[in-house]
Amino acid sequence: MNIRTEPPLSADGRRLVERSEAALLAVYPPEECFSFTAEELAEKGTQFLVARNDGEAIGCIALVDQGAYGEIKRLYVAETARGSGVARALIEAAEAAARDIGLGLLKLETGHALHEAVSLYRAMGYRETEAFGGYPDITSNLFMEKEIGVRVRLSG
């Protein structure tokens, strides 16, 4: 498996984003999904990382530079690749990318019903925090963060 930055507007990028959205909509109503589109992920300040196995795109994650922190978006692993460490590798890659650009804090918005994702985030050191970034503080939302190193940038 390899992980690298790829364009979210590519055919594989769009396919991963669409599958990620479908997986969220299988659990939550649309008004409780706060995901980014492929177009939003293509904006400046966002890295879209894709995991591939034998050339096949099997997962993705996005790192959005929010100035004082990085935000994790769109963690998704294809059903056929789940349970094989792809999600952990994607999170580790996003953390490394954040460190590379001087971000020492990562935040994410997820949901209580995404048990496997929440368990993985907790196992990797993410802790619950208050709502951030304009997300609604509704009962289905869960906000998490992790200090990943010395913060080079505190704002901006």
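**Working through the fold**

Mentor: Start inside. Leaving out residues up to four places away in sequence, Ile91 touches Ile61, Leu75, Leu120, Tyr121, Met124 and Tyr126. Keep in mind that this is a predicted model.

Trainee: Which residues have the most contacts inside the largest nonpolar core?
Mentor: Ile61, Ile72, Val86, Ile91, Leu106, Tyr121 and Tyr126. That core has 26 residues.

Trainee: And which elements each supply at least two residues of it?
Mentor: β2, β3, β4, α3, β5, α4 and β7. The largest share comes from α3, with 7 residues.

Trainee: What does the second, separate core include?
Mentor: It has 18 residues, among them Phe36, Leu41, Ala62 and Phe143.

Trainee: Back up a bit. How many helices and strands are there in the chain?
Mentor: The protein chain has 4 helices and 7 strands. Along the sequence they come as β-α-α-β-β-β-α-β-α-β-β.

Trainee: What percentage of the residues is buried?
Mentor: Buried residues are 46% of the 156. The accessible surface comes to about 7900 Å², and 50% of that belongs to carbon and sulfur atoms.

Trainee: What share of the contacts with a separation of 6 or more is between residues 24 or more positions apart?
Mentor: That share is 64%.

Trainee: Now the sheet. What is the strand order?
Mentor: It runs β1-β2-β3-β4-β5-β7-β6. The sheet is open, with 7 strands and mixed pairing.

Trainee: Which strands are at the edges?
Mentor: β1, residues 2-5, and β6, residues 127-128. Each pairs on one side only.

Trainee: Let's zoom in on β7. How many bridges join it to β5?
Mentor: There are 7 bridges between β5, residues 105-111, and β7, residues 141-147. The two strands run antiparallel. Thr110 stands opposite Leu142, and Gly111 stands opposite Asn141.

Trainee: What about β6 and β7: how many bridges there?
Mentor: 2 bridges, again with the strands running antiparallel. Glu128 has Met144 in β7 as its bridge partner.

Trainee: Why call β7 largely enclosed?
Mentor: Because 5 of its 7 residues are buried. The rest of the structure encloses most of the strand.

Trainee: Which strands does helix α3 lie across?
Mentor: Helix α3, residues 86-100, lies across β1, β2, β3, β4, β5 and β7. Its angle to β3 is about 35°.

Trainee: And helix α4?
Mentor: Helix α4, residues 115-123, lies across β4, β5, β6 and β7. It runs at about 25° to β7.

Trainee: Where is Asp54 found?
Mentor: In the loop between β2 and β3.

Trainee: Does Asp54 count as buried or exposed?
Mentor: Exposed, because its relative accessibility is 80% and the cut-off for exposed is over 50%.

Trainee: What is phi at Arg74?
Mentor: It is near 60°, another positive value in a residue other than glycine. Arg74 is in strand β4.

Trainee: Is that arginine buried or exposed?
Mentor: Arg74 is buried, because its relative accessible area is 8% and buried means under 20%.

Trainee: Last one. Where does Asp12 lie?
Mentor: In helix α1, residues 11-25. Asp12 counts as partly exposed, at 21% relative accessibility.

Trainee: Which residues is Asp12 in contact with, leaving aside neighbours within four places in sequence?
Mentor: Arg52 and Ala57.

Trainee: How far apart are Asp12 and His115?
Mentor: They are 103 residues apart in sequence. In space they are 26 Å apart, C-alpha to C-alpha.

Conventions. Residues numbered from 1 in each chain as written. Predicted model: local features only at pLDDT ≥ 70, side-chain atom pairs only at ≥ 80, totals over all residues. Heavy atoms only, no water. Pairing = 2+ DSSP bridges. Contact = heavy atoms within 4.5 Å. Axes fitted to C-alpha atoms, helices over the stretch in contact; angles between N-to-C directions. Buried < 20%, exposed > 50% of the residue type's maximum accessible area, 1.4 Å probe, protein only. Areas by Shrake-Rupley, 256 points an atom, 1.4 Å probe, with all protein chains shown as cover. Core = buried A, V, L, I, M, F, W, Y, C linked by side-chain atoms within 4.5 Å.
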